[in-house]
Amino acid sequence: MKTRLSEDGTKLVATYELHPFDFDRSGHLKLWILAAIIDANQVANLLGDHAQLRFPGFLKTVTGFARYQEFRIQPEFYTKLREGASVTVAVGISHVGKTSWLLEGDVRLASTGEVLCHSLGQGVLVNVTTRKPTAIPDNLRNSFPKKDPLPRLGVPTPVNPGRMYRHDFVALPSDSDINEHTNFSTYIRFCADATAALVRDGAFPFLKEEVKVKKISLLFQKETREGENVTVEATEDLGRSNSLDFQVKKGNDNIVKCCFEFFDDEIKSKL
């Protein structure tokens, strides 16, 4: 992946040519493909030729883990993005704290510049041996302006959960990232596949075949690795409309908490 700096020098920019297999049967870009190309740009902010945040001993004594990830998908993602199109991804580091940093960016249609998705991620610096957070050097922290106020990060917690459905998945070798654990885009694929099964089974009345995701939020709790089995628990919060809540588990351990929020009928009618 080739990156370049934005004109103001605050973001890394990359252009991706999309292929037919990147799209689903409805002709929409697969959500985990969207997540994967954003993730590649986020990683380039730490490792690439134009990396904005370079940690001493990266991948040897310290590494970066995703703690939180959010995608706000625009209607144009469904109406304008088609096979053969190219997209431009621009991601920059907007804040550096004691042990973590924020990455904010967007995905645009390369031909028109229309925004398809806004992204927000939080990374945390961890010791490669203990897998625990470690302090970011002061000289790196002080080289970035402080963001005030900070965005609120969080995945909704079901207050009035309804019936729960469970689906089992396994992480494949191709799902591993630079830390040799399951890449976060894989969990989006698991949740999307679970959603497709729920649509097919008519599990929840609001889930229709043409349902479109408006927002994805993920909180990463623990790691999984290649070949490990996970269960995705899916439920609807009866007090919150047009959303599905997921808890990815490995045995009794919580691995990832996720929420899909969907466009309602009024917005879908405009697509």
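This dialogue explains how to read several features of the predicted model shown above.

Biologist: How many residues of helix α1 are buried?

Modeller: Buried means under 20% relative accessible area, exposed means over 50%, and partly exposed lies in between (1.4 Å probe, protein chains only). Helices (H or I, at least four residues) and strands (E, at least two) are DSSP runs, numbered from the N terminus. By these rules, 12 of the 17 residues of α1 are buried, and the helix is mostly covered.

Biologist: What span should α1 have?

Modeller: The expected span of a helix is 1.5 Å times one less than its number of residues. For the 17 residues of α1 this gives 24 Å, and the end C-alpha atoms are 24 Å apart, which agrees.

Biologist: Which residues make a nonpolar surface patch?

Modeller: A patch is made of residues with over 30% relative accessible area and no salt bridge; like charges are joined within 9 Å, and nonpolar side chains (Val, Leu, Ile, Met, Phe, Trp, Tyr) within 5 Å. Accessible areas come from the Shrake-Rupley method with a 1.4 Å probe, and for residues only the protein chains shown count as cover. Here L47, L59 and I178 make a nonpolar patch of about 240 Å². L59 belongs to the loop between α1 (31–47) and β3 (62–73), and its relative accessible area of 40% makes L59 partly exposed.

Biologist: How is a pair of aromatic rings described?

Modeller: The description uses the distance of the centres and the angle of the planes. Rings of Phe, Tyr and Trp (its six-membered ring) pair if their centres lie within 6.5 Å; planes under 30 degrees apart count as stacked, over 60 as edge-to-face and the rest as tilted. The count by this rule is 13 aromatic pairs. For F77 and Y78, the centres are 5.0 Å apart and the planes stand at 85°, so this pair is edge-to-face. F77 is buried at 1% relative accessibility, and Y78 is buried at 7%.

Biologist: What is the geometry of the pair Y187 and F190?

Modeller: The ring centres of Y187 and F190 are 6.3 Å apart with planes at 85°, so the pair is edge-to-face. An α-helix has 3.6 residues a turn, so residues three or four places apart point the same way. Y187 and F190 are 3 residues apart in helix α4 (residues 184–201), and about one helical turn separates them. Both Y187 and F190 are buried. Elsewhere, ring pairs link Y165, F204, F206, F246, F260 and F262 into a cluster.

Biologist: How many salt bridges does the whole structure hold?

Modeller: A salt bridge is a side-chain nitrogen of Lys or Arg within 4 Å of a carboxyl oxygen of Asp or Glu. The search finds 14 of them. One joins R166 and E233, at 3.3 Å from N to O. Because R166 lies in strand β7 and E233 in strand β9 (residues 229–237), this pair ties together parts that are 67 residues apart in sequence. R166 is exposed at 55% relative accessibility, whereas E233 is buried at 15%.

Biologist: Which partner does K222 have, and where do the two residues lie?

Modeller: K222 forms a salt bridge with D253, with the closest N and O atoms 3.5 Å apart. K222 lies in the loop between β8 (213–220) and β9, and D253 in strand β11 (residues 253–262), so the pair ties together parts that are 31 residues apart in sequence. K222 is partly exposed at 47%, and D253 is partly exposed at 32%.

Biologist: Which residues does T88 touch?

Modeller: Contact means heavy atoms within 4.5 Å. Not counting residues up to four places away in sequence, T88 touches R4, V13, A14, T15, D106, V107, R108 and A110. T88 is found in strand β4 (residues 86–96) and is buried, with a relative accessible area of 17%.

Definitions and conventions
Residues are numbered from 1 along each chain as its sequence is written. This is a predicted model: local features need pLDDT of at least 70, side-chain atom pairs count only at pLDDT 80 or more; totals for chains, interfaces and linings use all residues. Side-chain values use heavy atoms; hydrogens and water are left out.
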